[in-house]
Amino acid sequence: MNTMPRPRLPYVRKEISRHGKTVWYFRRGDGPRLRLPAEYGSEEFIAAYQKALSGAVKPKKPGKETIRWLVDRYRESASWTAGLALGTRNARGAILRAVVAKIGDEPFASIDKASIVASVDSRAQTPFAAKNFLKTMRGLFAWAVMAKHVAVDPTEGVSIKVKESDGFETWTDEDIAQFKAKWPLGTRERVMFAVFLGTGLRRGDACRFGRQHIKAGLATIVSEKTQTPVYVPVLPELQEAIDAGPVGDLVFITGQGGGPLTKESLGNYFREACDAAGVKKSAHGLRKAAAVRLAEAGATVDELEAIFGWEGGKMASHYTKAANRKRLATAGMARLTGANPEQKTAAPSEKVRRSDGIT
């Protein structure tokens, strides 16, 4: 038996296949990834390594039977380019690249239900990552079945339950006052804050939001995530922040240099502003605060969907029901004071009926 050379040969990487087999790859910098045959250190291995090192070995084009080929075709399809929002494509693209890097040269026919379950189980400590992986593979194989590349979807029947969470923490009135105290009118940070709270826009829309989106006091922008038009009247607090600036020519939110920001940069920039104000919350938490305020003011499901770009009623109902429960709880406890509950709850109860359509 050959003794493994020490130290390890340059540009060689060891991996464990999903079948538990040790495999070796050669890759120099950003060059092609080449699989090396046989046992590490054997004559056949060294000969293949020398060829790869000299550049004599060229990577094979992915055959039609490989996972790499299947993923490439999927990302060229309408199911990918037109069927998924940009943010979803970015997130799932990263997952697919990781899959291809690990097992891209294996035949996609080798992926069965058991291998999907094993991959999901390997992410058990990060359930949201497991769920996103499953969604990504389900999208890939749903298209593959439709395109008749495979007969059976190996993800069918595989599921993962993730404990429900409220997600990003909602800003409180105290958080809002604390941020305003740190960042007064006339600062870029205050403009960011006012846009998030005053419009409820997601980062991907907030970083594009500018004067061209406002006509006669009404802001209109198509949501990047859902491609749904969003309509938001510009209220005085937002207008005051815009007028105080500083803002850009085409976007209200700008970086220190006065130019527009990507949604990732905006998220980081706003996080730094929050940290400086001592508020450990996020931009999305401010969007949730905007929804809470509107729901508690009596906004209906349809009104919330028009403002936030939601569809289907589920998300908007979450806020209206929470607001209604708060009103009902307040009215119920008022009965213990000896006050007339009918008199105290008449107006809120009307709002409940208008908010969710229940009579």
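Lys 280 is exposed, at 59% relative accessibility. Here buried means under 20% relative accessible area, exposed means over 50%, and partly exposed lies in between (1.4 Å probe, protein chains only). This is a predicted model, where local features need pLDDT of at least 70, side-chain atom pairs count only at pLDDT 80 or more, and totals for chains, interfaces and linings use all residues. Residues are numbered from 1 along each chain as its sequence is written, and side-chain values use heavy atoms, with hydrogens and water left out.

**Salt bridges**

- Lys 280 pairs with Asp 275 in a salt bridge, and their closest N and O atoms are 3.5 Å apart.
- The term salt bridge means a side-chain nitrogen of Lys or Arg within 4 Å of a carboxyl oxygen of Asp or Glu.
- Asp 275 is partly exposed, with a relative accessible area of 35%.
- By the salt-bridge rule, the count is nine.

**Lys 281 and Glu 169**

- A salt bridge brings together the side chains of Lys 281 and Glu 169, at 3.9 Å from N to O.
- Lys 281 sits in the loop between α11 (263-277) and α12 (283-296), and Glu 169 in the loop between α6 (127-146) and α7 (173-182), so the pair ties together parts that are 112 residues apart in sequence.
- Helices (H or I, at least four residues) and strands (E, at least two) are DSSP runs, numbered from the N terminus.
- Lys 281 is buried, at 9% relative accessibility.
- Glu 169 is exposed, with a relative accessible area of 53%.

**Lys 263 and Glu 224**

- Lys 263 and Glu 224 form a salt bridge, with 3.5 Å between the closest N and O atoms.
- This pair links distant parts of the chain, 39 residues apart: Lys 263 is in helix α11, and Glu 224 is in the loop between β5 (218-222) and β6 (229-233).
- Glu 224 is partly exposed, at a relative accessible area of 22%.

**Around Lys 180**

- Helix α7 contains Lys 180.
- Lys 180 is partly exposed, with a relative accessible area of 27%.
- Leaving out residues up to four places away in sequence, Lys 180 touches Arg 190, Phe 193 and Glu 237.
- Contact here means heavy atoms within 4.5 Å.
- The side chains of Lys 180 and Glu 237 are joined by a polar contact of 2.7 Å.
- A polar contact is a pair of N or O atoms within 3.5 Å; within protein, one must be able to donate a hydrogen and the other to accept it, and residues adjacent in sequence count only if both atoms are side-chain atoms.
- Lys 180 and Ala 277 are 97 residues apart along the chain, with 8.5 Å between their C-alpha atoms.

**Backbone features**

- Gly 245 and Pro 246 are joined by a cis peptide bond, with omega about -5 degrees.
- Pro 246 belongs to the loop between α10 (236-244) and α11.
- Lys 148 is not a glycine, yet its phi is positive, near 65 degrees.
- Lys 148 lies in the loop between α6 and α7, and at 75% relative accessibility Lys 148 is exposed.
- Ala 216, also not a glycine, has a positive phi of about 55 degrees.
- Ala 216 lies in the loop between β4 (214-215) and β5, and at 87% relative accessibility Ala 216 is exposed.
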